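Good morning. Please have a look at the next slide before I go through it.

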Amino acid sequence: MHWAYEIAKRIILTDPDLETYTLASGISPSGTVHMGNFREVVTTHFVAQALKAMGKNVRFIFSWDDYDRLRKIPANIDVAFSEHIGKPYSEVPNPFGEGSWAAHFENEFETSLETFNIHPEFIYQHKEYSSGRYLPSIVRALKKRKEIYDILMEFKTNEPSREERDAFYPATVYCKTCGKDHVHIDLFSEEALTLTYHCRCGVKETEKLDSILLKLNWKVDWAMRWSVEGVKFEPGGRDHSSENGSFAASKVIADRIFDYKAPLYTSYEFITQKGSHKKMSSSSGQVLKAEDLLDVYPPEVVLFLFARHRPESAFHIGLDDDVIKNHAEFARVLTAYQDGSLYDPIMKQVVDLTSSNVTMPMVSFNQIAGLLPLISFRTDLLASILSDQGIAVQSEELEGVCSRVKNWIQKWNPDKEFKVNPDKDVAYFLTLPDDVKRQVQLFRSSIATGADPMHSVYEICRQEDKKKMKSAQKTLFQSIYMLILGKKNGPRLPLLLSAVGKNRFMALLTF
């Protein structure tokens, strides 16, 4: 059983009679939302899909933690924005134009989720806090602040302190004058429901809770939101999932402070970009975005990559030859699914979750990658070449594949830009064994008569010993590609012949 269905089954067993199952995920918009963050939302998405497949009603919420404080400035943003450190993301100006910091990065990611056909209910925490919806929970947390302190100390190695306990408040206040969280809470009145506080900027106030810009601290906030929303499942990154991590503490807070049983939880591993062993981080500014992957993959292939790995399994994403390998693997699995020859039950569920309604492309990414650069990335000429080979491709499909191939080559792999040799490579031809030279000449003669290039190679290399025959075929193919392209591989020979043109093709094989 696929991991998403395993989790869905456990959720149902834990709460078998719920009318609606609420699943949650959330991210702080500290900068560009990257593919490591994407694992957070896509994990919940797959579990939601599995629950729906089991006939359950699902509410999938995604919380933007945009009432968190700005902690540091990402490398790709002007350091002048450091003047806003300490303000909530919702109140920091947009570094790239109009609106707020939070809205910019939220809109960027929400747009990419639309492309993946992922449609959670977005909840913006700055709106929830300012609406007063959380006020009863905030009052409860402040009244039980010493109990919360005791719980938090259970997960720390340092000894508790009476003075620290008496001064502890599980909340952050944003100053209405400077907008920052450089605020110290002096007193909470349980009877009047007021807070007395002072800010580093010089402000000192006593205000009613319902008029204060206040946010519960992370572990308390997480537990509170589970109880308010009725969350039954939420994933979390490895950094939150240790024995003494955020989830362990929040789970106890949910139980003892908010009288709520923590949701079923699964930890997910971090994703790295191939060639880097560092965790992706928005604050670094150097991240792999959804747009980067969508430049080289259709959405269903990206979903396929995530679905086939269990959340607790780390994996890296490469933009080198892995792109060709992943396209080929997806095509193989989808073809088998559609023709009824896919017998692996887990892989069937992977397709159900990601691409059951996807039409198999007529041409492969690999074919186009070898051919398109030879014709200066001209899609119209490619369509003509494919038509000559009896391959009719819808223009929209072809444009999509060609766009991804062009992005993959020009942005990430310029060495893959095949070019036809300007002149015949006499020096290389002279290095070939005599029998291969003879085979090249036979191949050229066969092409001159209009024979099919693939059939010609197979006929020229035909012999009784199958192992020797395959070796001879491989050598001849490589020799032809080297003489035409200067590389040991390329597009299928009929397509290469059409792209290069018969006269030039023949000239490069004439010795």
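Predicted model: local features only at pLDDT ≥ 70, side-chain atom pairs only at ≥ 80, totals over all residues.

Residues are numbered from 1 along each chain as its sequence is written, and side-chain values use heavy atoms, with hydrogens and water left out.

Cysteines. A disulfide is a pair of cysteine sulfur atoms within 2.5 Å, and by that rule the count is zero. For C178, the nearest cysteine sulfur belongs to C199, 3.6 Å away. C178 is partly exposed, at 24% relative accessible area. Here buried means under 20%, exposed means over 50%, and partly exposed is in between, with a 1.4 Å probe and protein chains only. C402, at 3%, is buried.

Now the lysine. K180 sits in the loop between β4 (171-173) and β5 (183-189); strands are DSSP runs of E, at least two residues, and helices are runs of H or I, at least four, numbered from the N terminus. Is K180 buried or exposed? K180 is buried, and has no salt bridge, meaning a side-chain nitrogen of Lys or Arg within 4 Å of a carboxyl oxygen of Asp or Glu. The nearest side chain of opposite charge is E83, 6.6 Å away; Lys and Arg count as positive, Asp and Glu as negative, and His and the chain ends are not counted.

Last, helix α17 (residues 426-431) contains V426, which is partly exposed at 39% relative accessibility.
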